[in-house]
Amino acid sequence: MRLLLPILPLVPAAVFCVLSVRGQDPAPSGDGEVAPVSFVFYNLRNYLAMDRRIDGEYRENAPKPDNEIEALIEGIVATRPDILGVCEVGDPSYLEDLRVRLKSAGLDLPHTELVRSRSGIDRNLALLSRFPIVDAPRA
């Protein structure tokens, strides 16, 4: 582990993981082909209000800066996921902000689900999908 510590700062904070899975396209082409479904996971790096330093100035309860959000949106839209999993998103208003910004950039993921953290810190997990999110029966 000691060998990894010096290089950890070099590891990119935002990591894409693109997986193709076999799924049924909700709008089949008519030829019976099964279309691939792409899933992307992205660490949003504090897409929430928190104390942060912006342009060298300390600000309490500040949202993620727009220039950082724009870079996130550009990277996510470039992958064109069918399903997007994210971590470090704030309350539902931040998830909705992300969804609207993605849609404005040409990526419509209208179905969302937010999983609230139990830690008391509003740093949550979420799914955004072009497919409806349904509640699966539990065994």
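What percentage of the 139 residues in the protein chain do buried residues make up? Buried residues account for 31% of the chain, where buried means under 20% relative accessible area, exposed means over 50%, and partly exposed lies in between, with a 1.4 Å probe and protein chains only. This is a predicted model, in which local features need pLDDT of at least 70 and side-chain atom pairs count only at pLDDT 80 or more, while totals for chains, interfaces and linings use all residues. Residues are numbered from 1 along each chain as its sequence is written, and side-chain values use heavy atoms, with hydrogens and water left out.

**Overall architecture**

- The protein chain contains two helices and seven strands; helices (H or I, at least four residues) and strands (E, at least two) are DSSP runs, numbered from the N terminus.
- Along the sequence, these elements follow the pattern β-β-β-β-α-β-α-β-β.
- Among the contacts in the protein chain with a separation of 6 or more, 59% are between residues 24 or more positions apart; a contact means heavy atoms within 4.5 Å.
- The accessible surface of the protein chain is about 9,400 Å², and carbon and sulfur atoms hold 56% of this area. Accessible areas come from the Shrake-Rupley method with a 1.4 Å probe, and for residues only the protein chains shown count as cover.

**Helix α1**

- Helix α1 covers residues 66–79, which is 14 residues, and reaches 20 Å from its first C-alpha to its last.
- This reach is close to the 20 Å expected at 1.5 Å a residue, the expected span being 1.5 Å times one less than the number of residues.
- Ile 69, Leu 72, Ile 73, Gly 75, Ile 76 and Val 77 are the buried residues of α1; they pack against β2 (36–47), β5 (83–89) and α2 (92–104).

**How the two helices meet**

- The axes of α1 and α2 come within 10 Å and cross at roughly 60°. Axes are lines fitted to C-alpha atoms, for helices over the stretch in contact, and angles run from 0 to 180 degrees between N-to-C directions.
- The two helices α1 and α2 are therefore oblique to each other; angles under 35 degrees count as roughly parallel, over 145 as roughly antiparallel, 65 to 115 as roughly perpendicular and the rest as oblique.
- On the α1 side, Asp 66, Ile 69, Ile 73, Ile 76 and Val 77 meet Leu 98, Arg 101 and Leu 102 of α2.
- Leu 98 lies in helix α2 and is buried, at 0% relative accessibility.
- Leu 98 touches Leu 44, Tyr 47, Ile 73, Val 86 and Leu 128, not counting residues up to four places away in sequence.
- From C-alpha to C-alpha, Leu 98 and Leu 72 are 9.6 Å apart in space, although 26 residues apart in sequence.

**Residues with positive phi**

- Most residues other than glycine have a negative phi.
- Arg 45, in strand β2, has a positive phi of about 55° although it is not a glycine. Arg 45 is partly exposed, at 43% relative accessibility.
- Arg 80 is in the loop between α1 and β5, with a positive phi near 50°. Arg 80 is partly exposed, with a relative accessible area of 45%.

- Pro 110 is in the loop between α2 and β6 (111–115) and is partly exposed, with a relative accessible area of 39%.
- Pro 110 touches Arg 99, Ser 129 and Arg 130, not counting residues up to four places away in sequence.
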